[in-house]
Structures are given as structure tokens and as C-alpha cells.
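Thanks, everyone, for making the time. Please bring the sequence and the structure up on the screen, and I will walk through how the pieces pack against one another.

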Amino acid sequence: MGKLWDFERFAAAPALIADTGVTLTYGNLAALSDEMESAIGSCADWDASTKPLTMFVCRNTTGALAGYAAMMNRGYPMLPVSGELPADRRRELMKAYRPALLLLPEQLRGEYPAMREVCAVRDYVLLRSNYTERFPVHPELGLLITTSGSTGSAKFVRQSWENLRFNAKTIADILDIGASDKTVTALPLQYTYGLSVLHANLLRGAAMVVTRSGVMDPEFWDLVEAENVTCFHGVPNTYDMLRRIELFEDDFPSLRTLSQAGGKLSRELQEYYARYAADSGKRFVIMYGQSEATAAISWLPPEDALHKLGSVGRVVDGGEISLIDDAGNSFTGAHKRGELVYRGPNVAMGYALRGEDLSRGDEWNGILRTGDLAEYDEDGYLSITGRLKRFIKLVGHRVSLDEVDGMIMDELNILSVSVGTDDHLTVFVTGDKEKELVTAFLSKTLTTVRTGIRVLTVPAFPKNEGGKILYAELQKIADS
């Protein structure tokens, strides 16, 4: 297996720029990679040709990014987890997967007094675990990534080195990343898209501006301006928060590319940011994907962002999309909805639920049934219309929960979230006035269904740290 990135090619260029002013060049990363490999080798009790699993406790710091990049480039498969994960949950994951190495913030070193220190990487430290029996790791396994931002889950997607190479080039091409670009760390590293952005930048010799400040912190945007950051990347929740504070009412001259992935952006937000980008001479790129496809499945070119509202564009180069009906038959034609099936070199190997799964090979063979419902328009542009499982039966009628929410948004411009079980539909809104309007609208719209419908209010929709709605939490409220 060759290296993921050619650090020596960009040796003099800045790779990591910290908000403290400290800079690491690509040459520094190359040297660090050699040093860490030597330090690991001095305490290894495994075959040098078979790299063991490393658990990586993620924070947006130079030590974290440098240590991760150095180890990945030497072929060590990584299991990233949130730096905010409670210690007991982290121990449960370690027990489930038995990593040989642990890369974590130095301030958490005291939680593992019995583990031997291998080396330090600025504010991070690499430890060797004491598991006498470790799970064998498949040679193609490169990364275990959480499926939905729920960082406490033991379920991970097994991404191969080939997946990671294809995805890094795809993201770099889509975002037109060059060696002169600077990207700020706006996303957690345990996110699929957060790592995809890092991988793409390292591939092209671009710089990562590293900060633990969040996008709602003034110092984050002071850093963007001070370092002349050119690329900003977020998930729907990121752009929703920034719209609420009207951040982009001001221009950021250095920014040239904004991108969004990690879930469906509302038409309203897409229009707002696409118009901002058009008016200020920037690119706004929308991407659709899944962790199971190592991030990217399709993308909407910036020139189409305004006149293709709600679309996720066309399939990435090297990939293929088909839509299938309930019987599994593929079909073509505009405005015909079916499940989206993706084929490509970035389709992951399968899932891991426990350590025994680390030795499994490729179980999906480049084919992913996404579970997303989609349709094409007349120009061949793709739209995601809902989830396959987001259906219920009301008095014998099949009802799409996503379609209900879409109708409410289209007709009333009210954000709602529907959940339900057969014969019970509950629509959640965030205000009494919205409840009144939605109740009246549904009574006129769902005329074939007279019972089993109610509208409830919540202070805010529960979301995970990636900004995705927690439907199960709302269903618990509905059930109670």
C-alpha cells in the first residue's frame, strides 16, 4: 500500500497553521511521519507489515491533525471518536475494538496511567494499549467512521484505502483545491466530511488553518480574515446558525469557495447562500453523499445553485447512480421517484459493530443501496425526496413523512418535522401560531385521512452534533 499523500512534494509549503501562530510545513509532516514510525517500531509486538488499529480522540488542534496525518500516511488504520465523548463511553469503545494505539490530547493522558507513552505530538500524545489479544485487521481497512455523527455508537463504516484515495481526489476536484488555498477547521474531525476536507487539502498541498473556536465565536471569523482563508465548509446546521446571525451580510474578501455536505439543505438556505455567492463572486458548492460512500455521491456545480434549488446535481466522476422501484427494478424518466443505488470506487467495505468485524473484507462490492428516495428532473439533475423508511400507513393510505413536511414548507413556509407509526401521524412545530396554521392546513390537505393526526409543539427540534434531526427522540415525545 502506497502513501495517501506526498508530503515531500510540497515540503516548503505550510500544511497546518494554528490560531496561536505556529505553522507546520509539509516537510515537518514528512519528518514527523518518520519519527512516529520509528517510535512505534521500537515498542511494537506485531508484524511490521500488518499495521494495527489506532483510536484517535479528535480535537481541532495542530497536534491532532499532524499526528493523524502522519500515522495515516504510514498506513495505520484509524478509529476517530469525538474529543467530547465521556471517558466511560470511550473505554467501552476501546473494549469493543481493542486498539493497539491511542492518539489523544495530552491533558487526557492521566486517564490511562498504565499505558506506555510512545511519543508526543505537540499537544497530543500517542500511547500503546495493554491488550494482550488484539483483533486482526484487514489490510485494506483504512478508517472506521461513525455513520451519523452519533459519536457514542459502536457502529462504524469500514472505509478502505482505495475509498479514501478516490474520495480525496473527488473532493479536491469538485472544490477546485489548489496549493495556494487555505481551509479553516469548521467541522469536527470525526465527521466524514470534516476528514474528507482534510484529506483533499493534504492531497493538493493546501493549508489547514486550525482552531478550536466554533463558527459562532467572533474569534473564528477574525482568524478567517487574518489568515486570508479561501475555503469554508459546513453541514446544514452550520449554515442555519450562520443565517440566523446574518453573518454573511458582511463580505469576507478572501473566501472564494463555500461548500455544504452532510445532509439536505433547505431550499430557502440554498437560495440565500447561492445568491450571496453569486453577488460576491464566490462559489457555493452543494454535495450529497453518505459515510457508506466515503462522503461524495453527487454534487451541484456552483453555476447551477440558484436555478436548481433543492437539487443535489449530478453523480461524481467515476460513479454511477440508478433509481429502483419497490421490486428492485431500475427505471429512467423525469419525476419518477425510487430508491437511489450508487456504484463507485468510494463505496465502503461494510459495517463494523465489534472488533471481530475488523478482519472482514469488502462485503458491498462497490454497490450501495442508500435508502434515500430520489428523482431526476427534465435536465437529469437529482433531488433527494425522502427516506425509504420514512413512510407510515394512515387508515390504509401510504403517507410519506418527508412529503408532509415538504408540503408544509412549500405552502406555509413553516419548518416542521413529522414522525409516526401506522395509524398515528404527529407533526412537530416550534410555536403555537405555527401549530394553528399547520393543523388547519393538514385538515384541508389530507382529506382522505380524518383520524390519527395531531400537531405538537416543542421548543426546538432535537438534533445530533451534525445538525441532523433525531427522529427517534421526537417519536418518544409523541409516544408519551
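Predicted model: local features only at pLDDT ≥ 70, side-chain atom pairs only at ≥ 80, totals over all residues.

Let me begin with helix α4, residues 161-175, and helix α5, residues 192-204, which pack at an angle of about 80 degrees with their axes 8 Å apart. That makes α4 roughly perpendicular to α5, a label that covers 65 to 115 degrees, whereas angles under 35 count as roughly parallel, over 145 as roughly antiparallel and the rest as oblique. The axes are lines fitted to C-alpha atoms, for helices over the stretch in contact, and the angles run from 0 to 180 degrees between N-to-C directions. Helices here are DSSP runs of H or I with at least four residues, strands are runs of E with at least two, and both are numbered from the N terminus.

Residues are numbered from 1 along each chain as its sequence is written, and side-chain values use heavy atoms, with hydrogens and water left out.

Which residues make up the meeting of α4 and α5? From α4 come L164, N167, A168, K169, I171, A172, D173 and L175, and they meet Y193, S196, H199, A200, L203 and R204 of α5, contact being heavy atoms within 4.5 Å.

L175 turns up again around R283, a residue that touches I174, L175, D176, R256, T257, L258, A277 and P302 once its neighbours within four places in sequence are set aside. R283 lies in strand β14, residues 283-288, and is partly exposed, with a relative accessible area of 22%; buried means under 20%, exposed over 50% and partly exposed in between, with a 1.4 Å probe and protein chains only.

Strand β12, residues 231-234, runs parallel to β13 and is joined to it by four bridges, and F232 stands opposite L258.

Turning to the sheets, there is an open one of five strands, in the order β18-β17-β19-β21-β22, with antiparallel pairing; two strands pair if DSSP finds at least two bridges between them. Its edges are β18 (330-331) and β22 (382-387), each with a single partner strand, so one side of each has no neighbour in the sheet. Within it, β17 (residues 320-324) and β19 (residues 338-343) pair over five bridges, with I324 opposite E339.

Another open sheet has three strands in the order β25-β26-β27, with mixed pairing, and its twist averages 25 degrees from one strand to the next. Five bridges join the antiparallel strands β25 and β26, where T421 stands opposite H424. Helix α9, residues 401-412, lies across β25 and β26 at about 150 degrees to β25, while helix α11, residues 471-479, lies across β25, β26 and β27 at about 65 degrees to β25.

Finally, the largest nonpolar core has 49 residues, of which L16, F56, M71, L101 and L126 touch the most other members; such a core is a set of buried Ala, Val, Leu, Ile, Met, Phe, Trp, Tyr and Cys residues joined through side-chain atoms within 4.5 Å. A second, separate core of 32 residues includes Y191, V197, Y342 and L382.
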